[in-house]
Amino acid sequence: MKLYDYFRSSAAYRVRIALNLKGIAPERAFVHLRRNAQRAEDYLLLNPQGLVPALVTDDATVLTQSLAIIEYLDEIQPQPPLLPSGPAARARVRGLALAIACDIHPLNNLRVLQYLKGTLGVEDEQKDAWYKYWIDVGLEALETRLARDKATGRFCHGDEPTLADICLVPQLANARRMNVDVAPFPTLIRIDAACNTLPAFADAAPAKQPDAE
Ligand SMILES: N[C@@H](CCC(=O)N[C@@H](CS)C(=O)NCC(=O)O)C(=O)O
């Protein structure tokens, strides 16, 4: 397998955590997003969306979208499972993961920020306010939900890491990098700390990647 990765990409960070949990170590290729390598012709041939991650499987199928890639990994290597058993529990975990992957992360993606600044001409201050606002709104709802639900345990769902934790940890790392105050989210902080005691999470951190700058 070959993973197209970038140390600071939170979507790629999700896939790195899942690969580590599964004990799978693919070949890696690094797509430098700040240098727009995601829009180079050779990468667009692989993923016309011009986004990382992409995973090329052993039979040369190109997979895109971090959550689809993670579910693929979970299917080819079922242990440890990344989704709990039971339809309602699985839907809860997917719901938490999608709240991050669909409703927080895309609003703050590099191309969105570049469009705000480059095309719409907003000031840096306004762009940063946009970034922080959407993270804040999203994390606040997640905090309420996780603090209230009985199903929340050491991790987002019970006492084993799932797809929800795989999405939460990179999103919190992003928030901290952008100096968003995460103190109002104690449950998220607690779960993030629990995840990062596990080598699978800690080793996937941006600073530990070969392309880290
Ligand atoms: N929904 C996609 C999102 C992928 C994505 O947005 N990747 C970002 C990095 S986290 C990217 O490649 N951005 C490049 C750009 O915006 O130009 C997934 O989960 O894989």
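Colleague: Which pocket corresponds to the space taken by the ligand?

Modeller: Rolling a probe the size of a water molecule over the atoms shows where empty space is left. In this predicted model, the space taken by the ligand is the largest pocket. Two elements give two or more residues to the shell around the ligand, namely helix H1 (10-22) and helix H5 (110-119). H1 gives the most to this shell, with three residues.

Colleague: What volume does the largest pocket have, and which residues lie nearest its centre?

Modeller: The volume of the largest pocket is about 850 Å³. Its lining comprises 40 residues, and those nearest the centre are Ser10, His105, Asn108, Asn109 and Leu110. The elements that give two or more residues to this lining are H1, helix H3 (66-76), helix H4 (87-101), H5, helix H6 (124-148) and helix H7 (163-177). H5 gives the most to the lining, with six residues, whereas H1 gives the most to the shell around the ligand.

Colleague: How do the residues of the lining and of the shell divide by class?

Modeller: The lining of the largest pocket has 16 nonpolar, 15 polar and nine charged residues. The shell around the ligand divides into six nonpolar, seven polar and three charged residues.

Colleague: Which residues come nearest to the ligand?

Modeller: There are 16 residues around the ligand, and Arg39, Val52, Gln65, Ser66 and Asn109 come nearest. Asn109 is also one of the residues nearest the centre of the largest pocket.

Colleague: What volume does the second largest pocket have, and what lines it?

Modeller: The second largest pocket has a volume of about 150 Å³. Among the residues lining it are Leu21, Leu82, Leu83, His157, Glu160 and Thr162, together with the prolines Pro80, Pro81, Pro84 and Pro161. By class, the lining has seven nonpolar residues, two polar and one charged.

Colleague: Where are the cis peptide bonds?

Modeller: The angle to read is omega. One of these bonds joins Gln79 and Pro80, with omega about -15°. Pro80 lies in the loop between H3 and H4 and belongs to the lining of the second largest pocket. Another cis peptide bond joins Val52 and Pro53, where omega is about 10°. Pro53 is placed in the loop between helix H2 (41-46) and strand S3 (54-56), and Val52 is among the residues that come nearest to the ligand.

Colleague: Which residue has a positive phi although it is not a glycine, and where is it found?

Modeller: That residue is Ala60, with a phi of about 70°. Ala60 is found in the loop between S3 and strand S4 (62-64).

Conventions:
Residues numbered from 1 in each chain as written. Predicted model: local features only at pLDDT ≥ 70, side-chain atom pairs only at ≥ 80, totals over all residues. Heavy atoms only, no water. Near = heavy atom within 4 Å. 1 Å grid on protein atoms, 1.4 Å probe; cavity = no way out; pocket = protein on both sides within 12 Å on 5 of 7 lines; lining within 4 Å. Sits in = over half its atoms within 2 Å of the grid points. Helix = DSSP H or I, 4+ residues; strand = E, 2+ residues; numbered from the N terminus. Nonpolar A, V, L, I, M, F, W, Y, C, P; charged D, E, K, R; others polar. Points joined across faces, edges and corners; volume = space filled by probe spheres on them.
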